[in-house]
Amino acid sequence: MTELPPDNIGDDTLANDAQHIDELYESWFLEYASYVILDRAVPYLEDGLKPVQRRILHAMKLLDDGRYHKVANIIGKTMTFHPHGDASIADALVNLGQKDLLIDTQGNWGNIFTGDPAAAPRYIEARLSKFALEVLFHPELTEWQASYDGRAKEPVMLPVRFPLLLAQGVEGIAVGLSTRILPHNFLELINASIAVLEGRPFKLYPDFPTGGMIDVSQYNKGARGGRIKVRARIETVDAKTLRICDIPYGTTTTSLIDSIVAANEKGNIRIRKIEDNTAREVDVRIHLPSGVSPEVTIDALYAFTNCEVSISPNCCIIYNGRPLFTDVHELLKISTEHTKHLLERELQIRLEKLEQKWHAASLEKIFIENRIYRDIEECETWESVLETIDRGLEPHKHKLRREVTEDDIVRLTEIKIKRISKYDSFRADTYLAELEKDIAQVKLDLQHMTEYTIAWFEGLRERYGKGRERRTKIQTFEQVDTVAVAAATEKLYVDRAEGFIGTGLKKAELIGECSALDDVIAIRKDGKFTVSKVGDKVFMGKDILHAAVWRKGDERTVYNMIYRDGRQGPVRAKRFTIPSVIRDREYDLTKGNPGSRVLYLTANPQGEAEVVQVTLREDCRAKKKQFEFDFGDIDIRGRGSHGNIVTKYPVRRITQLSVGPSTLAPESIWFDPATGRLNTEERGRLLGEFGGDDRIVALYDNGEFEVTDFNPDNRYGDGLLLLEKRPAHGILTLAYQHPERDADYVKRIELPVEPTGKRVALLPEGAGKVLFASLDARPRIRAEFRKGKRKTPEPQELVLEDIVGVKGLTAIGNKLARHRVKKIVPLDPLPEPEPQATPGDAPAADSESPSRDDDTPTPNNTGSLTQLSLLDPE
């Protein structure tokens with residue numbers, strides 16, 4: 001019968017048991033957390049390895065015979081030291097092999113670009129690389145410990161003489177902390193280590209095996225709180241095809257394509273199809289539908305897909321048995337000093353060995369040349385033999401560098417008679433001289449450890465640096481405006497009477513196209529307006545006068561408005577911008593009096609002023625019932641301004657007479673080559689002052705050009721040869737090679753006034769390289785020619801307008817010269833011709849044109865607007 005516990009168990013007993021259990025859990029948790037942190041997830045600073053990686057490399061060293069070994073055998077050998085099974089070992093081994101630094105691989109080891117896994121361990125092979133054999137191992141520098149079952153010895157730490165942790169990078173998640181150290185370039189690490197030893201400043205930035213582009217402006221030396229942006233490298237193949245050449249670190253072509261397809265399904269981008277041709281190199285082709293801009297699509301790919309990813313580093317390592325949060329600069333300094341310390345210990349061990357060899361050789365020389373071995377012939381005991389040899393060595397001990405020990409004397413007794421009989425004193429002296437030379441060199445190296453360590457790193461760079469150049473391009477990324485680059489895949493409709501705006505009102509009035517990320521503005525007849533997110537059907541208030549897509553920060557769109565202040569109040573006019581609002585809040589553009597009503601409203605993208613005709617009611621007391629009003633006479637103010645009084649009488653109607661030029665001040669526009677974008681923040685090169693209908697001309701190295709507005713959203717692709725403001729005369733002069741005709745041609749065209757919307761080809765089929773381009777009205781060049789059959793023709797100065805007139809875009813042009821051109825040197829252009837006055841014309845007396853002295857140069861007389869020459873086309 002089971003005995004039940006007594007009912008009188010006290011509360012103190014239960015409390016003690018609970019406290020004991022709490023202590024057990026606390027102890028177990030701390031032990032588990034410490035184990036995961038120290039023995040699994042976080043690498044050690046000294047060798048930059050996690051325990052499983054260290055054990056794999058140690059096992060491969062034990063197996064090393066110069067030939068490849070089956071990975072299955074390596075895994076089995078590693079299990080002697082690693083207690084966690086074959087799966088974790090296999091994954092870690094494949095990861096090491098794919099980094100292409102410590103392990104030479106053979107077979108299908110997977111693909112870091114596509115994410116394809118490696119073949120089974122029984123089918124692939126590996127061995128240690130020459131770099132690993134030279135840098136990782138040195139038994140006499142290694143501290144050993146018993147393996148987990150006590151049957152073997154394994155290294156506590158490998159004596160790594162290189163910043164391996166920074167070269168390979170590492171990621172790990174432990175209990176309560178994680179680490180993420182990004183890989184860095186092999187050559188840059190060596191150069192930075194040398195800079196540390198020489199006391200020079202240095203910079204370290206990540207370099208990824210997947211290539212791509214990286215923005216390190218917020219890297220923060222890899223410490224906690226830093227961040228980098230990594231982008232795929234995307235090229236424009238043609239007007240309808242993009243090619244992804246590199247992918248961001250941490251992604252694969254599979255995940256990248258999935259994100260692109262998802263963005264297309266959401267309507268953020270527009271693509272026709274996508275192909276993955278990746279093998280040894282990344283090759284993902286994106287085919288675009290007609291009418292879609294490649295440049296805008298590239299920006300949209302960065303904004304909405306994994307073509308741009310953000311990575312947050314966290315430099316955490318194990319140092320002196322505890323986690324240490326630091327940065328990569330400090331980590332490199334510690335690693336470099338550790339390498340120097342290991343090299344110093346290596347030299348000290350070598351010096352001890354050399355001195356031991358010198359001591360043994362000197363004793364042997366004394367023992368044989370002074371025939372001390374004969375004195376032991378009559379000795380009857382072992383002790384008397386040792387004493388006799390010691391007495392024989394006594395007169396010569398001053399020649400030695402240390403005391404003679406019993407082991408030294410025992411070693412002399414082991415010399416064979418055959419060696420004594422064939423002893424060569426000259427060879428012995430030569431051997432001792434070589435040892436003394438080596439000892440002197442080692443001592444010199446020990447006295448100059450900094451120089452010796454620098455030479456060590458330089459040797460590594462020379463032996464193993466070939467083919468390890470930087471793969472990831474460092475540049476600054478400009479923030480992509482997701483609203484601006486989102487594909488306008490939706491049609492926006494408005495029901496003005498009922499006050500609804502949305503993409504689902506198919507039977508209502510069409511406003512235009514928009515994206516799902518856009519905002520829409522609606523201004524009503526009562527003078528109130530609201531900005532809301534585009535939706536399927538959004539109520540914005542009845543009696544909508546103006547509805548359009550609204551851009552945040554737009555200070556160039558100017559609204560011209562005339563409204564009646566209250567039911568009987570005066571009529572006012574105002575000009576205003578709406579650069580910022582709070583979404584879904586109602587704003588009043590009038591003074592707020594009941595009965596106010598908008599009589600006239602227009603939105604002008606470049607701040608154009610208008611002239612309108614105001615017609616008053618017939619029954620009003622005004623003498624003049626009709627008059628003109630010019631919006632250019634009033635200033636542009638904020639949306640809250642009350643406006644100027646136009647009339648105090650009731651208005652019958654208002655009619656637009658004309659639209660004038662922009663009244664906004666010209667903007668200084670800059671071009672930033674690093675991002676390929678325009679800006680107003682003075683980054684890059686100044687293009688000039690822009691306003692109204694000014695345009696930009698872009699010419700590319702393949703002979704294509706485009707005319708664009710000066711919107712900062714514009715992006716200009718690779719291969720840009722010329723980017724300038726379109727001159728008033730609009731003439732572009734171009735010289736190019738034509739290999740099929742074995743000649744060089746020049747053509748002049750008049751550029752379109754309006755934006756082309758896409759790139760336009762200038763060169764005929766079969767044309768070669770562009771030699772010269774200019775936006776000057778009358779450019780001049782000096783042409784230097786190739787060597788002919790007999791001699792080299794003399795250079796010629798040419799005025800290109802004398803060779804060819806202005807022709808159409810598809811014209812071939814005229815031959816530049818009789819001989820093939822070797823080099824073109826731009827010269828100062830000729831001044832533009834003065835406009836011819838028509839007979840009978842005379843300047844008006846009240847002309848507003850400023851007077852100009854005869855010797856005042858015209859704007860183009862002082863030099864070239866823009867000239868480009870590609871020298872030495874060969």
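A residue counts as buried when its relative accessible area is under 20%, as exposed when over 50%, and as partly exposed in between. The exercises below use a predicted model.

**Exercise 1. Overall make-up**

Task: State what share of the 874 residues is buried, and how many helices and strands the protein has.

Solution. 
- Step 1. Apply the burial cut-off of under 20%. Of the 874 residues, 45% count as buried.
- Step 2. Take the secondary structure. The protein has 16 helices and 49 strands.
- Step 3. Look at contacts between residues at least 6 apart in sequence. Of these, 67% join residues at least 24 apart.

**Exercise 2. α2 against α3**

Task: Classify the packing of α2 on α3 from its angle, and list the residues that meet.

Solution. 
- Step 1. Helix α2 spans residues 51-63, and helix α3 spans residues 71-78. The angle is about 110 degrees, and the axes are 9 Å apart.
- Step 2. Angles of 65 to 115 degrees count as roughly perpendicular. Therefore α2 is roughly perpendicular to α3.
- Step 3. The crossing of α2 past α3 is right-handed.
- Step 4. From α2 come R55, I56, A59, M60, L62 and L63. From α3 come N73, I74, K77 and T78.
- Step 5. Sort this contact by class: six nonpolar, two polar and two charged residues.

**Exercise 3. α3 against α4**

Task: Repeat the analysis for α3 and helix α4 (residues 86-98).

Solution. 
- Step 1. The angle is about 125 degrees, with the axes of α3 and α4 10 Å apart.
- Step 2. That angle makes α3 oblique to α4.
- Step 3. α3 and α4 cross in a right-handed sense.
- Step 4. V71, I74, I75 and T78 of α3 touch D86, I89, A90 and L93 of α4.
- Step 5. The contact of α3 with α4 has six nonpolar residues, one polar and one charged.

**Exercise 4. α7 against α15**

Task: Find the relative direction of α7 and α15, then describe their contact.

Solution. 
- Step 1. Helix α7 (residues 186-198) and helix α15 (residues 449-464) pack at about 170 degrees, with axes 10 Å apart.
- Step 2. Angles over 145 degrees count as roughly antiparallel. α7 and α15 are therefore roughly antiparallel.
- Step 3. Their crossing is left-handed.
- Step 4. α7 supplies F186, L187, I190, N191, S193, I194, L197 and E198. α15 supplies T450, T453, I454, F457, E458, L460, R461 and Y464.
- Step 5. The contact of α7 with α15 divides into nine nonpolar, four polar and three charged residues.

**Exercise 5. Salt bridges**

Task: Give the number of salt bridges in the structure.

Solution. 
- Step 1. The structure holds 50 salt bridges.
- Step 2. R67 is exposed at 59% relative accessibility. D65 is partly exposed at 42%.
- Step 3. E171 is partly exposed, at 43%. R180 is partly exposed, at 24%.
- Step 4. R759 is partly exposed at 22% relative accessibility, and E704 is partly exposed at 24%.
- Step 5. Look for shared partners. R233, E235, R243, D246, D283 and R285 are joined into one network by such salt bridges.

Terms used. Residues numbered from 1 in each chain as written. Predicted model: local features only at pLDDT ≥ 70, side-chain atom pairs only at ≥ 80, totals over all residues. Heavy atoms only, no water. Axes fitted to C-alpha atoms, helices over the stretch in contact; angles between N-to-C directions. Helix = DSSP H or I, 4+ residues; strand = E, 2+ residues; numbered from the N terminus. Parallel < 35°, antiparallel > 145°, perpendicular 65-115°, else oblique. Left-handed = near helix turned anticlockwise from the far one by under 90°. Contact = heavy atoms within 4.5 Å. Nonpolar A, V, L, I, M, F, W, Y, C, P; charged D, E, K, R; others polar. Salt bridge = Lys/Arg side-chain N within 4 Å of Asp/Glu carboxyl O. Buried < 20%, exposed > 50% of the residue type's maximum accessible area, 1.4 Å probe, protein only.
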